[in-house]
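Work through the exercises below with the structure open beside you. Try each task before you read its solution.

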Amino acid sequence: MTSAPFDLRRIGDGLSFAAALDEVAAALEAGTAAVISAPPGTGKTTLVPPLLASHGPGRVIVTQPRRVAARAAARRLAQLDGSALGARVGFTVRGERAVSGDTRVEFVTAGVLLRRLLQDPGLDGVDAVVLDEVHERALETDLLIGLLGEVCELRDDLTLVAMSATLDAERIAAVIGNDDAPAPIVAHTVPAHPLTERWAPSPVPRLDERGVTWGFLDHVARTAASAARDLVRDDPAADALVFAPGAREVAEIARRLRSDAPGFDVRELHGQIPAAEQDAVIRGRAGSETPRIIVTTSLAESSLTVPGVRLVVDSGLSRFPQRDATRGMSGLVTAGAARSSAVQRAGRATRQGPGTVVRCLDERTFAATPAQPAPEIATADLADAALLLACWGAPGGTGLRLIDPLPTDALAEAQTVLHDLGATDADGRATAEGRALARIPVDPRLARALVEGAGAVGARVAAEVVALLGGDLRVPDADVAAAIVALRHGRGPDARRWSQEVRRLQRFAPPTPRSTPDPTPPSSSPAVGHIDDAGLVIALAFPARVARRVERASDGATFLLASGTRAGVRGPLADSAWLAVADVARAAGRAAGGTGAVIRAAAAITEAQAERAAGHLITDRLEAEFANGRITARRERRIGAIVRSSVPLRPSAEEGRDAVRRALLAQGLGMFAWSEAADQLRRRLALLHHALGSPWPDVSDAALTAALDDWLGPEIDALATGTPTARIDLAPALRRLLPWPAAAEFDALVPERLEVPSGSRIRIAYPPHDDPAARPVVAVKLQECFGWAETPRLAGERVPVLFHLLSPAGRPLAVTDDLASFWSGPYAQVRAEMRGRYPKHPWPEDPWQAAPTRHTKNRAARD
């Protein structure tokens with residue numbers, strides 16, 4: 001490597017962050033980690049890497065969350081340095097690389113560095129790593145923080161810098177610092193230029209069940225055209241920047257603007273356009289050139305700086321990955337952008353002077369959006385992340401210092417996927433097969449499809465399918481096979497980019513007679529494979545998503561996936577009996593067919609192909625069911641949730657018992673009609689359990705269903721042989737739970753009736769079994785309690801009886817669980833009121849000493 005230093009003065013000319021370089025250098029003199037926070041466009045991405053390279057002979061690696069940002073940052077620094085791209089400054093992204101032995105600063109995507117770490121954990125020859133745009137909380141960047149923290153513990157000469165436009169600096173500093181102290185923070189601020197904020201809410205909804213509405217895109221385009229015309233009247237050198245949620249919306253808005261805004265150079269900026277077109281947008285324009293309206297995605301929030309922008313038109317929408325744990329689906333979701341993202345977008349208008357932002361929503365909707373976007377680690381599918389961590393030797397992130405831990409449920413689901421792929425062992429450690437899959441830069445399920453599919457259908461078809469599914473390409477009518485045919489014969493940028501990825505992926509395919517990489521493009525190769533095999537490749541990647549049609553309608557069909565999810569599809573695929581589904585997402589409307597989900601990418605397969613790919617999901621067993629008081633049984637052959645055949649059979653006794661147990665666990669004890677005797681016995685047992693504990697059994701629903709065989713065995717046998725539930729008496733079953741020899745005291749501890757001083761035996765109303773705070777109740781006429789000085793207690797004197805004292809006519813007079821206090825207090829008022837109403841009945845002044853009166857009428861209180 002050349003030792004010539006970078007000319008920081010020349011590179012930093014006109015960049016405000018140049019004033020902070022001394023502070024950065026001082027922070028790194030004190031240690032090997034630092035956190036840098038500075039607004040977009042100030043020059044931190046351009047200046048910090050050459051500063052670090054000037055302090056040592058090794059390479060400086062700078063990560064970016066997107067390929068376009070890595071390429072653009074490298075080109076800009078090389079231009080300012082006056083060197084050729086790939087010489088002193090280079091980049092490496094998926095499918096493209098420009099570096100040499102003299103490269104001092106290398107810009108890469110976070111995914112590239114993650115896989116490089118697996119091959120070279122010590123990062124030999126690297127002096128520093130800069131993690132840029134940390135505030136975006138991309139999953140791969142979060143993982144890098146944890147992995148690089150371990151590398152820094154082994155290499156005290158490796159410098160780690162985290163940079164962002166808006167950053168929770170203290171939190172990040174605590175994570176990348178050492179145990180003794182957090183990393184130092186360098187915060188650079190610049191004077192804010194005035195920002196004019198305008199609101200332009202749409203007269204039509206922004207979103208419906210199918211996504212962003214065409215009417216809203218019309219509104220954004222009209223708003224942008226009008227605002228841009230006003231802008232250039234005042235400042236002909238200014239450009240406008242329009243934010244849309246995704247590439248499809250970018251294209252649609254740009255198409256409308258080319259019609260609605262003549263006199264403007266309408267450009268698109270997103271990750272799917274060719275690099276040359278991206279560079280042309282980022283370079284800006286001369287003052288004599290046509291004013292521009294640039295339509296972009298969140299890519300331009302902070303990753304890229306577009307010069308000359310003085311107007312931002314913000315759709316207020318964002319697209320981000322979202323995992324649906326209930327349906328086992330993951331995909332991109334469009335929703336309102338977080339307020340922090342909106343601030344970032346608006347700031348692009350004031351980087352060089354006063355600017356204007358027009359938000360295509362109202363202030364109330366804006367205020368209701370989240371303050372910050374959720375970190376990707378909390379919402380994304382974690383299969384790839386879990387495999388990388390397993391290969392690193394930290395399954396599930398164990399021992400790593402991460403900003404946020406991996407969510408438990410999503411991690412468990414990802415680890416199950418990896419285990420089913422054979423990528424990890426029972427302890428979560430990476431297997432040899434898992435390490436091989438991790439070397440392929442795609443999702444591990446797609447990597448498995450590439451490896452196994454190459455042997456089954458040939459490397460070309462396998463690579464074509466994986467390149468399509470792993471890229472950002474749309475699949476019209478959800479038909480993967482048709483999309484591949486179109487790409488084979490395409491001449492546009494999408495087809496060229498796909499062809500390049502196909503050739504790259506073929507190099508990862510195992511060496512088989514059918515997998516020799518073809519140097520010719522897919523569209524011109526005479527041996528492109530059979531496109532009918534595309535479904536098998538998808539099924540190998542996602543065996544739980546093989547699907548069978550269960551309903552056909554005039555405008556679509558409903559399919560049942562092996563995972564149990566139902567989803568709708570329209571178009572030619574609706575005629576297929578079986579599908580291999582690559583992408584299914586939550587949705588409503590006609591396309592979903594009332595299922596709540598829609599298939600977005602799939603290919604037709606045969607039943608034999610479904611069995612081949614999902615062989616581990618095939619079951620052939622007898623299924624017995626207890627329903628409506630009857631046992632039924634069928635022998636069912638399934639692929640997951642898909643029933644392929646079902647034949648009625650007569651169940652054996654054990655199969656019947658198992659069916660009854662499953663029904664009880666699913667439906668609970670409410671499937672029985674509880675007799676009064678059984679209910680009272682359960683209440684009495686519950687009172688003893690709550691008051692005395694062991695050995696008296698827990699008779700809650702959960703406890704009883706967990707110990708069915710301990711108390712309900714004979715009744716389960718009876719039900720399994722056809723006895724109706726209505727004829728099952730649970731009282732004898734509950735008595736089997738009585739502990740011996742303590743059971744001999746049961747009736748004394750919790751008697752069915754309580755003998756009162758009058759001699760009557762009054763039934764005790766025990767509280768519900770699930771209400772431990774309630775008291776046993778005795779409703780009795782007051783005169784029958786004369787002579788009782790204290791309240792009687794049950795359960796070994798632990799639980800006082802709650803008395804509902806009644807008048808001679810059986811009407812309520814008082815409620816008490818303390819007779820002594822009642823006699824000495826409230827009784828006097830009751831006596832005064834009742835003496836005149838019931839003069840024939842005794843109302844003594846000292847009832848605790850008086851003889852009780854037994855009533856022969858109104859025996860309901862006793863019975």
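A residue is called buried when its relative accessible area is under 20%, and exposed when that area is over 50%. The model you are looking at is predicted.

**Exercise 1. Helix H15**

Task: Check the length of helix H15 (residues 408-421), then find out which of its residues are buried and which are exposed.

Solution. 
- Step 1: Start with the length. H15 has 14 residues, and at 1.5 Å a residue it should span 20 Å. The C-alpha atoms at its ends are 20 Å apart, so the two values agree.
- Step 2: List the buried residues. In H15 these are Ala 410, Leu 411, Ala 414, Leu 418 and Leu 421.
- Step 3: Look just past the end.

**Exercise 2. Strand S6 and its partners**

Task: Say how covered strand S6 (residues 126-131) is and which strands it pairs with.

Solution. 
- Step 1: Check the cover. Six of the six residues of S6 are buried.
- Step 2: Take one partner. Strand S2 (residues 59-64) pairs with S6 in the parallel sense, over five bridges. Here Val 60 stands opposite Ala 128 of S6.
- Step 3: Take another partner. Strand S7 (residues 159-164) and S6 are also paired in the parallel sense, over four bridges. Ala 128 stands opposite Thr 159 in S7.
- Step 4: S6, helix H6 (residues 139-154) and S7 form a β-α-β unit, and it is right-handed.

**Exercise 3. Aromatic rings**

Task: Classify the pair made by the rings of Trp 696 and Phe 746, and decide whether each residue is buried or exposed.

Solution. 
- Step 1: Apply the rule. The centres of Trp 696 and Phe 746 are 6.0 Å apart and their planes are at 40°, so this pair is tilted.
- Step 2: Locate the partners. Trp 696 is in the loop between helices H24 and H25, while Phe 746 is in helix H29, 50 residues apart.
- Step 3: Judge the burial. Trp 696 has 5% relative accessibility, so it counts as buried. Phe 746 has a relative accessible area of 1%, so it is buried.

Key: Residues are numbered from 1 along each chain as its sequence is written. This is a predicted model: local features need pLDDT of at least 70, side-chain atom pairs count only at pLDDT 80 or more; totals for chains, interfaces and linings use all residues. Side-chain values use heavy atoms; hydrogens and water are left out. Helices (H or I, at least four residues) and strands (E, at least two) are DSSP runs, numbered from the N terminus. The expected span of a helix is 1.5 Å times one less than its number of residues. Buried means under 20% relative accessible area, exposed over 50%, partly exposed in between (1.4 Å probe, protein chains only). Two strands pair if DSSP finds at least two bridges between them. A crossover is right-handed if, with the strands pointing away from the viewer, the path from the first strand over the helix to the second runs clockwise. Rings of Phe, Tyr and Trp (its six-membered ring) pair if their centres lie within 6.5 Å; planes under 30 degrees apart count as stacked, over 60 as edge-to-face and the rest as tilted.
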